[in-house]
Amino acid sequence: MAKVTLLAYTPEPEKLVAAAAKLCYSSSSPQTLMDGLTPEKTESFLEMLQTIGHESPIEHVSFTFGIEGVSRSLLAQITRHRIASYSVQSQRYVREKDFQYVTPPEIAAIPEALELYEQTMAQIGESYDRLASMLKQKHTKALTAGGMEEKAAARKAEKMAIEDARFVLPNACDTQMVVTMNARSLFNFFRHRCCNRAQWEIREVAYQMLSLVYEVAPTLFQNAGAPCIRGNCPEGKMSCGHPEEVRAYDAVRKGKATR
């Protein structure tokens, strides 16, 4: 199951965004503007920014997340959001011993499908181990024949072996990463990935990320999420047709739902 942790973020993010925005209309210094902002003034100014669509100041704050228990399929999707920084556990350097994998809920809901899925994952794991062993044996022999000390040859051969053995690993294979985005990029990410039409795994990750940033910057992220939470759906005939559901779910994940 996906787990997202907020590892770090720009201190006083809302105050910094407000000061940066105010600087555009003021002759005062950045520090003077920061010092003059009370929580009330900060909140008021951020709400005004959102009504006029002035987004560039929110690029000054960034958020870093640890993401665990997600598939390589999710990795292929999240890295399409290019204004971000990613550090991902490498299958070239980390051997997948008894690799963990993500099981789609629709497969888990059918016992026969789940059994087939788990059998397939086990077979892939066995094939990966066999390929890695064959390749390591070949590379060790070649390296020692070239004069390399046996232990050093074995270490190098291991890395060479798993670099190619990883080609049999599935999209389901578990991975983990560190992701950093500025707030403007996060808004774009949430617009696309909190939508009902987003793939289920990345939608869950997006909502975990949104819940975390909303806790530390609620005014800044109060309107973040799928477009339909604050207006009409832009998907046209591709719309899910359930904006009320999306809005209710968004309220729950932000902790704003009526209890």
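Reader: Which elements do the buried residues of α1 pack against?
Author: This is a predicted model, in which local features need pLDDT of at least 70 and side-chain atom pairs count only at pLDDT 80 or more, while totals for chains, interfaces and linings use all residues. Residues are numbered from 1 along each chain as its sequence is written, and side-chain values use heavy atoms, with hydrogens and water left out. In helix α1 (residues 13–23) the buried residues are P13, E14, V17, A18, A19, A20 and A21, where buried means under 20% relative accessible area, exposed over 50% and partly exposed in between, with a 1.4 Å probe and protein chains only. Taking contact to mean heavy atoms within 4.5 Å, the buried residues of α1 pack against β1 (3–9), α2 (30–35), α3 (39–52), β2 (62–71) and α9.

Reader: In what order do the elements of the chain run from the N terminus on?
Author: The elements are DSSP runs numbered from the N terminus, with helices (H or I) of at least four residues and strands (E) of at least two. By that rule the chain has ten helices and four strands. From the N terminus on, the order is β-α-α-α-β-α-β-α-α-α-β-α-α-α.

Reader: Of the contacts in the chain with a separation of 6 or more, what percentage comes from residues 24 or more positions apart?
Author: Buried residues make up 37% of the 259 residues in the chain. Among the contacts with a separation of 6 or more, the part that joins residues 24 or more positions apart is 76%.

Reader: How are the rings of F190 and F221 placed relative to each other?
Author: Rings of Phe, Tyr and Trp (its six-membered ring) pair if their centres lie within 6.5 Å, and planes under 30 degrees apart count as stacked, over 60 as edge-to-face and the rest as tilted. The structure holds eight aromatic pairs. For F190 and F221 the centres are 6.3 Å apart and the planes stand at 75 degrees, so the pair is edge-to-face.

Reader: Is G225 buried or exposed?
Author: G225 is found in the loop between α9 and α10. Not counting residues up to four places away in sequence, G225 touches F190, R191, C194, L210, R230 and D250, and its C-alpha atom is separated by 8.1 Å from that of R193, 32 residues apart along the chain. Because its relative accessibility is 1%, G225 counts as buried.

Reader: Which residues does T103 touch, not counting residues up to four places away in sequence?
Author: T103 lies in the loop between β3 (85–88) and α5 (105–108), and at 26% relative accessibility T103 counts as partly exposed. Its C-alpha atom is separated by 27 Å from that of V213, which is 110 residues apart along the chain. With residues up to four places away left out, T103 touches A108, L114, Y117 and W200.

Reader: What is the relative accessible area of D98?
Author: D98 lies in the loop between β3 and α5, and its phi is near 50 degrees, a positive value in a residue other than glycine. D98 is exposed, because its relative accessible area is 67%.

Reader: What is the value of phi of E12?
Author: E12 has its place in the loop between β1 and α1, and at 48% relative accessibility E12 counts as partly exposed. Its phi is a positive value in a residue other than glycine, near 45 degrees.
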